[in-house]
Every structure is written in structure tokens, then in C-alpha cells.
Amino acid sequence: MIGVPFLFLFVFFLLPFLLVVGISFSQQQLGIPPYTPLTKMEDDVFTLVLNIGHYKFMLGDDLYFATYISSVKMAFVSTVLCLLIGYPMAYYIARASESARDTLMMMVMLPFWTSYLIRVYAWIGILKNDGFLNQFLMWLGVIDTPLRLYHTNWGVYIGMVFSYLPFMIMPLYSHLVKMDLRLLEAAYDLGARPWKAFVQVTLPLSKNGIIAGSLLVFIPAVGEYVIPELLGGSDTLMIGRVMWDEFFNNMDWPMAATVTCAMVLLLLVPMAMFQHYQAKVMEEVK
Amino acid sequence: MSTLKPSKPLSYAVLGFGYSFLYLPILLLIIYSFNESKLVTVWSGFSTKWYWALLEDDELITAALLSIKIALMTATASVVVGTWAGFVMARLNRFRLFPLFAGMINAPLVIPEVIQGISLLLLFVAMEQTLGWPEGRGVFTIWIGHVMLCVSYVAIIVQSRVRELNRSLEEAAMDLGARPLKVFCVITLPLISQALVSGWLLSFTLSLDDLVLTAFLSGPGSTTLPMVVFSRVRLGLNPEMNALATLFILVVSVGVVAGNLYMRSMQRKREREMQLAFKAA
């Protein structure tokens with residue numbers, strides 16, 4: 001009973017990771033497959049060749065280092081922006097009338113169901129130099145020369161926040177809607193100002209929602225490829241894009257595998273936090 | 001009590017801003033799909049010519065048909081495997097390797113797709129070398145990849161539904177002598193059917209839309225719709241893509257809204273019936 005799904009996940013999820021780790025220690029070669037085998041059988045002698053050149057290269061190369069820092073920074077800024085926009089939205093949806101809540105949440109989820117690629121594409125027309133946003137701002141007279149947003153890091157931030165906002169709102173909403181409003185009432189009765197009541201009562205009660213939402217945005221954002229490729233500039237350094245280029249343009253599979261391993265290492269702590277949170281959610285349902 | 005209600009103007013301002021941010025880009029995309037000009041951002045008159053252009057775009061149509069085929073296969077397989085996994089998560093969670101199992105279910109929800117893409121590809125290459133199968137990459141490898149992408153969602157939807165179930169019905173069937181498999185098919189499955197439908201629909205749309213995983217797992221002759229779309233929008237704006245996007249958004253929105261309304265009415269009906277049943281008892 002347990003075996004079938006377990007085996008399926010093991011073969012198609014865990015095993016491939018081990019292969020990535022293995023191939024990160026091999027070398028690029030011309031041929032099929034484009035990497036050298038790790039093990040050799042010669043004259044009944046079994047040899048294992050591990051090549052750590054890629055790791056050395058990665059640690060010594062400034063560009064790779066800058067890419068890691070920049071990926072984490074961009075994912076972090078996107079997460080904070082999502083939180084700043086998503087929290088007030090989740091808060092007011094949770095406090096809306098019961099009949100409105102379902103509709104409002106459905107409207108948050110609807111973009112998640114429609115194509116992600118299309119939603120990123122929609123921003124090109126807005127952010128371009130002669131795009132809608134610049135046309136509008138120039139018409140208003142706020143600016144004289146168009147703002148450069150398309151093909152810059154700003155474009156990537158906007159695209160990320162737009163794409164990942166539903167993932168931030170969902171867990172925040174589910175925590176805020178469960179909250180016992182009598183606690184707020186008690187705080188008010190004891191003389192707390194609305195702002196203080198929010199900071200001391202509502203915010204701590206939604207802490208788990210904040211953590212979950214932030215992880216749901218941060219982890220995939222670190223490895224994002226489509227958004228920096230479509231909206232970012234050629235100087236937008238992101239690890240997902242570097243890995244893609246190593247793989248598809250340079251055909252260097254071992255290097256791509258090494259970059260992937262580094263990405264996994266980078267995400268190990270947030271992933272563990274996410275697992276911990278998910279386990280807790282499942283406990284609660286029981 | 002009145003102080004507990006958040007201020008109306010502030011609430012409208014926040015939600016107004018938030019929803020305009022989410023919907024304005026999509027709205028502009030739709031409006032300008034009816035633009036006559038080839039320059040997408042300059043309005044020159046109403047026209048439906050880009051929709052007609054879609055019909056003559058053979059590359060796009062071939063890719064769309066392939067994508068729909070893969071999405072149908074993916075959704076069906078994901079529901080089977082995902083339901084199985086979700087059921088194990090909810091009911092049989094006492095085995096020693098359970099944390100590993102739960103971890104493998106939860107991780108794909110957040111893990112960057114490039115990581116899953118390269119690892120699955122390396123698996124298929126290694127399998128081809130050692131087992132001689134699967135030969136090359138194509139529909140089959142894309143299918144497995146998409147199922148991996150969707151299984152977690154289905155499993156999580158199903159497990160939370162199974163946990164909510166009142167076990168007395170299943171116990172009654174067992175008492176009456178039904179075998180576990182029969183209980184599952186006759187009692188449990190109908191009770192969780194809503195979760196299965198949402199899981200199927202979600203898998204279908206996720207598969208239809210996936211680009212990154214597909215790029216790693218596709219071979220010559222298996223170009224899906226998102227791959228064609230991506231290769232074109234990479235070069236900038238394209239009015240035909242606006243038309244395609246509009247059609248896609250329209251179909252999905254109608255489906256999601258209708259599905260949502262249907263499920264809400266079903267839920268109300270179920271609650272009413274349960275109330276009646278308890279009254280009778």
C-alpha cells in the first residue's frame with residue numbers, strides 16, 4: 001500500500017538528486033552523454049574518479065559568487081515586497097464580511113490558475129520605455145523622460161511580486177481568518193490603541209502565516225528563470241539563469257550540476273524550515 | 001464592538017490597490033489583443049485580425065494540441081498517484097520512513113523548477129544508458145516530469161480532505177463485511193470526489209503552462225505551447241501572443257469561476273443534508 005507512491009517519489013524525486021551530485025564530480029566531454037563516467041573497471045580494478053574542479057572553479061570565480069549574493073538578495077527583496085503588499089490585503093480580506101471573503105480569495109487565486117508565462121509577458125507592455133506605465137506618467141506630467149524599467153532589476157522585482165503574491169496571501173489569510181477577535185476586543189477594553197493592539201496581538205498570532213508565506217515566495221524565487229530572462233537585463237545575475245546557460249548554451253552538464261548542488265545547499269535551511277512548518281500544519285488538521 | 005471593524009476607506013484603498021495590481025496588467029493585455037497595430041502598445045483601431053492569425057499559425061496549433069494531450073495524461077496520472085500518496089499521508093502515517101515520505105511530497109511545492117528539471121533529465125539519461133529505456137526524450141519524459149510537478153498538489157488536497165472525513169461511514173461498511181478495497185472505492189472515493197476534481201483541474205492547468213521542466217525534458221519533435229510562446233515573447237511584444245493569452249485567460253477564468261460556484265453550492269447542499277440527517281437522528 002505504502003510502497004507504490006513511496007517508490008514513485010523515490011525514483012523520480014530523490015534518486016535524480018543523487019545523480020546530480022554524482023555528475024557534478026564528472027567532466028565535460030564531447031559525446032553522448034556529454035560527461036565522463038565516475039567509475040571505471042580496468043583489469044578488474046574498480047576506480048572512482050571524483051573531479052572537484054568545478055567546485056574549485058565556482059568558489060574561486062567572482063562572477064559566480066556575485067550571482068549567489070544577487071540571487072539571494074533579489075529573492076529576499078521580492079519576499080519583503082510581497083509581505084508588505086500581501087499582509088494588508090490578507091488582513092482586510094480576512095476582516096471582510098463572510099460572504100465577500102470567498103469571492104475575494106477566489107480573485108486572489110484566479111491569476112494563479114491562469115498561465116504564469118502570460119502574466120509575466122503582460123508586464124513587458126507595461127514596463128517598456130514606450131509602454132503603458134511611461135505613457136501614463138508622461139501624460140500626467142510626472143516625468144519628462146521615460147523611466148527605464150524593462151530589462152532592469154526593477155522589472156524583475158515587479159514581475160516576482162506580481163507572480164508570487166498569491167502564495168504570500170494564502171497562508172496569511174488562513175491564519176488571520178482563524179484568529180479569535182475577542183482577543184482584540186480584550187486588548188481594546190484594556191486600553192490598547194488600535195496600532196498597539198495590532199502589533200501585540202494580531203501580528204504575533206499571524207507569525208506562522210508570515211513564515212510560511214515568506215518561504216513559499218523566497219525558495220522558488222531564488223531559482224527563478226523565466227522572470228529574470230523576460231524582464232531582467234543582461235546584467236541581472238540570477239543563479240537559475242546561470243545554470244540554464246551552462247546547460248543549454250555551453251552544454252556543460254557537469255558545471256550545471258555543480259551550480260544546481262550549490263543552489264540546493266543555499267536552500268537547505270529554508271527548505272528545512274518549510275518542511276517543519278508543513279508538518280505542523282498537518283498536525284493541526286488532525 | 002465597532003472599533004473592531006477595520007476602517008472602511010482604508011480597507012477599500014488597500015484592496016483596490018492590491019486587486020488593480022493583480023488585474024490591470026491582464027486587463028491591458030486583453031484590451032490590446034484587439035488592437036489593429038502591430039505595435040502592441042500603440043492603439044490604432046479595433047480589429048480581430050490577430051485572432052484569425054492564430055488559426056493559421058500551424059506551429060502554434062501543433063504545439064497547443066501536444067500540450068493539451070500531455071496535460072490530459074498528466075492530470076489523470078497525477079490524480080491516481082496523488083490520491084494514493086495523499087491517502088497514505090492521512091491514514092497510514094505511522095511507518096518509520098514517514099518523515100522522508102512527507103518531505104518528498106512537500107518539497108516539490110517550493111523547489112525551483114530548474115533543479116527538478118536537470119535532475120530528472122540526468123535520471124532519464126542514466127536510465128537510457130543502463131536500461132536502454134526510455135529512448136531519447138519526448139512526450140513520455142515530459143509526462144513523468146509534469147506528474148512529479150503535480151502529484152504534490154493533489155496529495156496535499158486529498159490528504160486534507162481525507163483527514164476531515166468522518167470515519168463512521170467507512171467503519172459501518174467494514175462492519176457490514178466490505179473488503180478494504182471495496183470500502184475505498186464505494187465509500188471513500190465518492191466522499192473525496194471534489195478534492196479529486198480540483199486536483200485534476202489544477203494538474204491540467206499546471207501541466208499546460210509549464211515551461212522550465214518541459215524545456216529540460218523535451219526532445220526534437222516534442223515542442224509544447226509554452227515553449228513556442230516563450231521563444232516568441234523573448235524577442236519582445238507580439239500581438240498574436242496577446243490574442244492567444246486572451247483566449248487562454250478567458251477559458252481558465254470561466255472554468256475556475258464556474259467550478260468554484262458549483263463547489264460552493266455542493267458544499268451548502270451537503271451541509272443542509274447533514275443537518276437534516278442529524279435532526280432525523
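**A walk through chains A and B**

Chain A has 13 helices and two strands, counted as DSSP runs numbered from the N terminus (H or I of at least four residues for helices, E of at least two for strands). This is a predicted model, in which local features need pLDDT of at least 70 and side-chain atom pairs count only at 80 or more, while totals for chains, interfaces and linings use all residues. Residues are numbered from 1 along each chain as its sequence is written, and chains are lettered from A and ligands numbered from 1 in the order written.

Let's start with the overall form of chain A. Its C-alpha trace spans about 85 × 60 × 35 Å along the principal axes. Of its 286 residues, 43% count as buried, that is, with 20 or more other C-beta atoms, placed from the backbone, within 10 Å of their own.

Now look at where the two chains meet. The contact takes 76 residues from chain A and 68 from chain B, two residues being in contact if their C-beta atoms, placed from the backbone, lie within 7 Å. On the chain B side, helix 1 gives the most, with 11 residues. By class, that side has 51 nonpolar, 13 polar and four charged residues; Ala, Val, Leu, Ile, Met, Phe, Trp, Tyr, Cys and Pro count as nonpolar, Asp, Glu, Lys and Arg as charged, and the others, Gly among them, as polar.

Finally, chain B itself is assigned domain 1 (53-236) and domain 2 (239-281), with bounds from an automatic or database domain assignment. Their contact takes nine residues from domain 1 and eight from domain 2.

Key
Buried ≥ 20, exposed ≤ 12 C-beta atoms within 10 Å, placed from the backbone.
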